[in-house]
Amino acid sequence: MFIAMNRFRINKGSEAEFERIWARRDSHLEGVPGFEEFNLLRGPEADDHTLYASHSVWKNKQYFEDWTNSEAFRKAHANAGSAKNIYQGHPMFEGFEVVL
Ligand code: HEM
């Protein structure tokens with residue numbers, strides 16, 4: 001199994017807008033080969049931002065990489081990042097191999 005996470009630092013006060021973007025998104029994950037599960041996670045609050053992570057579970061790394069090169073990925077990200085004023089910097093991607 002492979003877990004892909006992208007962490008977003010969202011300006012204080014913009015949490016509802018960020019969550020709305022995700023809630024209203026036109027998802028293209030259903031039916032993508034090797035895709036297992038998706039969650040949007042809200043994490044700890046710091047003085048100036050709230051941490052979120054998009055968390056997706058895949059059968060293995062190859063399926064995940066194939067998705068990042070797919071039309072489904074391109075479509076899902078056509079408008080990603082357009083609400084620039086809510087983000088503190090770029091999201092931070094981390095991929096994990098499941099060990100146990
Ligand atoms: C390899 C890196 C990335 C991974 C693993 C990833 C993961 C995901 C996943 C799983 C979704 C849901 C797709 C769907 O439902 O069809 C998504 C959508 C989204 N991603 Fe990414 N993403 C990546 C890069 C980025 C970058 C660089 C940004 C920042 C600009 C970003 C911002 C977003 C946003 C805002 C959405 C919601 C879609 C919308 O705007 O309607 N992602 N991402």
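Q: Where is the place of Lys12?
A: Lys12 lies in the loop between β1 and α1; helices are DSSP runs of H or I with at least four residues and strands are runs of E with at least two, numbered from the N terminus. This is a predicted model, in which local features need pLDDT of at least 70 and side-chain atom pairs pLDDT 80 or more, while totals for chains, interfaces and linings use all residues. Residues are numbered from 1 along each chain as its sequence is written, and side-chain values use heavy atoms, without hydrogens and water.

Q: Why does Lys12 count as partly exposed?
A: The relative accessibility of Lys12 is 37%. Buried means under 20%, exposed over 50%, and partly exposed in between (1.4 Å probe, protein chains only). Lys12 therefore counts as partly exposed. Its C-alpha atom is 8.7 Å from that of Ala46, 34 residues apart along the chain.

Q: What makes Met92 partly exposed?
A: Met92 has a relative accessible area of 44%, so the label is partly exposed. Met92 belongs to strand β4. Between Met92 and Asn6 there are 5.4 Å, C-alpha to C-alpha, although they are 86 residues apart in sequence.

Q: Why does Ala53 count as buried?
A: Ala53 has 7% relative accessibility, so it counts as buried. Ala53 is in strand β3, residues 49-58. Its C-alpha atom and that of Arg42, 11 residues apart along the chain, are separated by 6.6 Å.

Q: What relative accessible area makes Val32 buried?
A: The value for Val32 is 14%, and therefore Val32 is buried. Val32 is found in the loop between α1 and β2 (35-45). The C-alpha atoms of Val32 and Tyr63 are 8.8 Å apart, with the residues 31 apart along the chain.

Q: What makes His77 a donor of the iron atom of the ligand?
A: A donor is an N, O or S atom within 2.8 Å of the metal (3.2 Å for Na, K and Ca); water is not among the atoms, so sites may look incomplete. The NE2 atom of His77 is at 2.1 Å from the iron, and His77 is the only protein donor. His77 is in the loop between α3 (71-76) and β4 (92-97).
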